[in-house]
Amino acid sequence: MCCVSGVHVDACVSFNVSRNCAVAKDSLGWSGTSPSLYSKQPFNKFLLPLKALVTSTSQDFPIASLIGEEKVGVLLLNLGGPETLEDVQPFLFNLFADPDIIRLPRLFRFLQKPLAQFISVARAPKSKEGYASIGGGSPLRQITDAQAEELRKSLWEKQVPAKVYVGMRYWHPFTEEAIEQIKRDGITKLVVLPLYPQFSISTSGSSLRLLESIFREDEYLVNMQHTVIPSWYQREGYIKAMTNLIEKELEKFDRPEQAVIFFSAHGVPLAYVEEAGDPYKAEMEECVDLIMEELEKRKIINAYTLAYQSRVGPVEWLKPYTDETIIELGKKGVKRLLAVPISFVSEHIETLEEIDVEYKELALKSGIEKWGRVPALGCEPTFISDLADAVIESLPYVGAMAVSNLEARQSLVPLGSVEELLAVYDSKRRELPSPVTVWEWGWTRSAETWNGRAAMLAVLVLLVLEVTTGQGFLHQWGIFPSFH
Ligand SMILES: C=CC1=C(C)c2cc3[nH]c(cc4nc(cc5[nH]c(cc1n2)c(C)c5CCC(=O)O)C(CCC(=O)O)=C4C)c(C)c3C=C
Ligand SMILES: [Fe+2]
């Protein structure tokens, strides 16, 4: 680790990220994308000296005195997934109606729902095929419920009698449903824990934004003390749990030392990182670096790489892309590949279908002879116990003005209230270009409102015609077939 407690973290992380990319280049001989300048990201306010984060344990806190008569709740935030094939289109509608997934210029916000309807109907057949091939629906709800139950048990074993709730962003149980239950149960202290190890505007950010709007409108919630753990990829327990899984899968190879460790993260449009200040890429690179350091401590020094999967639409997403990288590695003569899904802690459609079927097939076609895949963490005990520790370590800051308070800034987990966390990235945030290009028509902010609206309505009519007839300019340009 290059970071020492007390060293200013901006400098520390940007050094770490650059070094990380250099290692990837050396070990595989191809150049990845250049590292983003992390010190320019607005969200780094919440990053803390890494050594402190990595070495923390729950034993540092007098737990009983923190809880007292309070009723503690933990709200796990997650994406949600369609449980049946009939759910697929409405699930996609909810996803594309989210301005953190498709952000239209202010002038065109009124088109968000029609556009979501259009894209969800267009995409549903392909998505349904994917969900049909993994058993007819997403396993996310079941796995997240099991994680919530294991987390509850772990907290109770650590003398924290908390209730754990699941709030999904795009499907049942919706965040609103979880909040209603939290109110019925009379929770007085709430820890908000997004189940994404790395922060992205499109995932944790979106869930927190929704939560903020719910909190703002509700008298009970406005007064409820809460804190948020926005990302936790740097925690020792998580890093060790991931490393254990990788080590175990490597042992299944005939010559483990020759397997390339292939971290595959869910992508985001490049503009999220470069224009909107999403810390996702920097956090991902640092996470991979920490796992590789832990492997090195165990004398495992395999070559490795990080690529991004699951892009939607034809705009540029984070690179290198997983499919192109697999082909590249095959050309370079790599014969053994171990895929490691890194951005999500449950099995889901993109591990079970995209990685296990599509990328495996591509790898075998590209000359890879032995393919392995690390399972998602699910209810792995080291991981669950570490999540419980993260919750316990956050308790002293529930209700405190964490971010503006020096003590909290130096705390063991990065904390902040929902409102404060969002304020930080909103302060610099510009409009996010949509991952779908249909609206990118060179409209300027100064364009006349009504001219613009009339033209966009005309486009909408064309789009509706295209969906209903299956023919038109988007099909000709291959825009629909390029959805993942
Ligand atoms: C960290 C993880 C994820 C990021 C970042 C993310 C960004 C992102 N996703 C889409 C579009 C889709 N995502 C879909 C499913 C899906 N996405 C994630 C995670 C991240 N998404 C998960 C875990 C899942 C699967 C849920 C499940 O049911 O198992 C889908 C639907 C599936 C499909 O049709 O392929 C879409 C569409 C965008 C546009 C985006 C960033 C802007
Ligand atoms: Fe996604």
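Which helix supplies the largest share of the shell around ligand 1? The largest share, 3 residues, comes from α5. The structure is a predicted model, in which local features need pLDDT of at least 70 and side-chain atom pairs count only at pLDDT 80 or more, whereas totals for chains, interfaces and linings use all residues. Residues are numbered from 1 along each chain as its sequence is written, and chains are lettered from A and ligands numbered from 1 in the order in which they are written.

The shell around ligand 1 comprises 25 residues, of which Gly 81, Ser 127, Ser 138, His 266 and His 348 come nearest; a residue is near a molecule if its C-beta atom, placed from the backbone, lies within 6 Å of it. At least two shell residues are supplied by each of α4 (88–96), α5 (112–133), α8 (201–216) and α14 (349–365). Helices (H or I, at least four residues) and strands (E, at least two) are DSSP runs, numbered from the N terminus. Domain 1 (85–137 + 441–476) and domain 2 (237–373) each contribute at least three residues to the shell, the domain bounds being taken from an automatic or database domain assignment. By class, the shell holds 12 nonpolar, 11 polar and 2 charged residues (Ala, Val, Leu, Ile, Met, Phe, Trp, Tyr, Cys and Pro count as nonpolar, Asp, Glu, Lys and Arg as charged, and the others, Gly among them, as polar).

The largest nonpolar core has 114 residues, and Val 74, Leu 75, Leu 76, Leu 193 and Leu 337 have the most contacts inside it. Such a core is a set of buried Ala, Val, Leu, Ile, Met, Phe, Trp, Tyr and Cys residues joined through C-beta atoms within 7 Å. Helix α12 (residues 280–297) gives the largest share of this core, 8 residues. Because domain 1 and domain 2 both give residues to the core, it lies between them.

Gly 80 is located in the loop between β1 (72–78) and α4. Gly 80 is buried, with 25 other C-beta atoms within 10 Å (buried denotes 20 or more such atoms, exposed 12 or fewer, and partly exposed a count in between, with C-beta atoms placed from the backbone). The C-alpha atoms of Gly 80 and Pro 173 are separated by 7.8 Å, although these residues are 93 residues apart along the chain. Pro 173 itself lies in the loop between β2 (163–168) and α7 (175–184), and the peptide bond from His 172 to Pro 173 is cis, with omega near -10°.
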